[in-house]
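Notebook open, model loaded. I'm jotting down what I look up as I go.

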Amino acid sequence: IVWLVSKVYNTKMVIDWHNYGYTILQLRLGSDSVLVNIARKIERIFGRLADDNFCVTNAMSCDLNDNWSIKAYSLHDRPSVLTSLSSRQKHNLFNKLKLKYPVFGCSSRADDDNVTALTKEEDGTVKHLAGRPALIISSTSWTPDEDFSVLLSALVKYDKECTTDHPD
């Protein structure tokens with residue numbers, strides 16, 4: 001439909017590839033599904049007909065080129081500046097998050113803005129709690145086609161190593 005509209009209105013069709021739609025459909029219907037095979041063919045045909053293609057990783061660009069002969073430019077999805085939050089900024093963020101997600105609060109002092117699951121404020125100074133849980137932030141959509149088992153397995157191994165080396 002988008003391709004047809006682009007021709008009718010004499011505009012360009014540009015595709016921003018993050019993953020293949022057919023692979024997500026395949027998770028539900030299975031790889032032998034006729035619908036999945038049709039979706040794959042449609043995606044390949046219209047990907048080739050696009051005026052331009054881009055994606056956020058070199059791996060996706062290579063895959064599109066190698067398997068579907070589609071030239072896609074890699075436009076890396078990353079912030080222009082990476083900064084760490086101050087302890088105060090983290091504490092304020094966790095206080096906001098605990099309103100919607102109780103896991104960020106301290107269960108014994110849920111209504112106390114001075115305490116979160118990771119930080120506490122004493123005498124105007126914010127400190128990180130000893131024994132606080134780790135917090136991992138990912139830019140992924142956490143869809144089933146993204147395999148986090150490698151990361152989770154590494155975290156379990158890391159946790160065991162830390163516990164063995166430092167039982168306290």
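**Lysine 90**

I started with lysine 90, which is partly exposed with a relative accessible area of 27%. My cut-offs here: buried is under 20% relative accessible area, exposed is over 50%, and partly exposed is in between, with a 1.4 Å probe and protein chains only. Lysine 90 sits in helix α5.

A contact means heavy atoms within 4.5 Å. I also looked at valine 126: lysine 90 is 36 residues from valine 126 in sequence, yet their C-alpha atoms are 9.1 Å apart.

**Ground rules**

This is a predicted model, so I noted that local features need pLDDT of at least 70 and side-chain atom pairs count only at pLDDT 80 or more, while totals for chains, interfaces and linings use all residues. Numbering starts from 1 along each chain as its sequence is written, and side-chain values use heavy atoms, with hydrogens and water left out.

**Salt bridges**

Next I went after salt bridges, meaning a side-chain nitrogen of Lys or Arg within 4 Å of a carboxyl oxygen of Asp or Glu. How many are there by this rule? The count is three.

One of them joins the side chains of arginine 88 and glutamate 121, at 3.2 Å from N to O. This pair ties together distant parts of the chain, with arginine 88 in helix α5 (residues 87-100) and glutamate 121 in strand β4, 33 residues apart. Arginine 88 is partly exposed because its relative accessible area is 31%. Glutamate 121 is at 22%, so partly exposed too.

I then traced the strands around glutamate 122. Strand β4 (residues 119-122) pairs with strand β5 (residues 125-128) in the antiparallel sense, over four bridges. Strands count as paired if DSSP finds at least two bridges between them. Glutamate 122 has threonine 125 in β5 as its bridge partner.

**The parallel sheet**

In what order do the three strands of the open sheet run? I read β1-β2-β3, with parallel pairing. β1 (14-17) and β3 (73-74) are the edge strands with a single partner each, so one side of each has no neighbour in the sheet. β1 pairs with strand β2 (residues 52-55) over four bridges in the parallel sense. Isoleucine 15 has asparagine 53 in β2 as its bridge partner.

Helix α4 (residues 58-68) lies across β1, β2 and β3, at about 120 degrees to β1. For that angle, axes are lines fitted to C-alpha atoms, for helices over the stretch in contact, and angles run from 0 to 180 degrees between N-to-C directions.

**A nonpolar patch**

On the surface I found a nonpolar patch made by Val34, Ile38, Ile42, Ile45, Phe46 and Leu49, with about 520 Å² of accessible area together. Patch members have over 30% relative accessible area and no salt bridge; like charges are joined within 9 Å and nonpolar side chains (Val, Leu, Ile, Met, Phe, Trp, Tyr) within 5 Å. Isoleucine 42 lies in helix α3 (residues 34-49) and is partly exposed at 45% relative accessibility.

**Totals**

Last, the whole protein: six helices and five strands, running α-β-α-α-β-α-β-α-β-β-α from the N terminus on. Of the 168 residues, 20% are buried. The accessible surface is about 12,800 Å², and 56% of it belongs to carbon and sulfur atoms. Those areas come from the Shrake-Rupley method with a 1.4 Å probe; for residues, only the protein chains shown count as cover.

How values were computed: Helix = DSSP H or I, 4+ residues; strand = E, 2+ residues; numbered from the N terminus.
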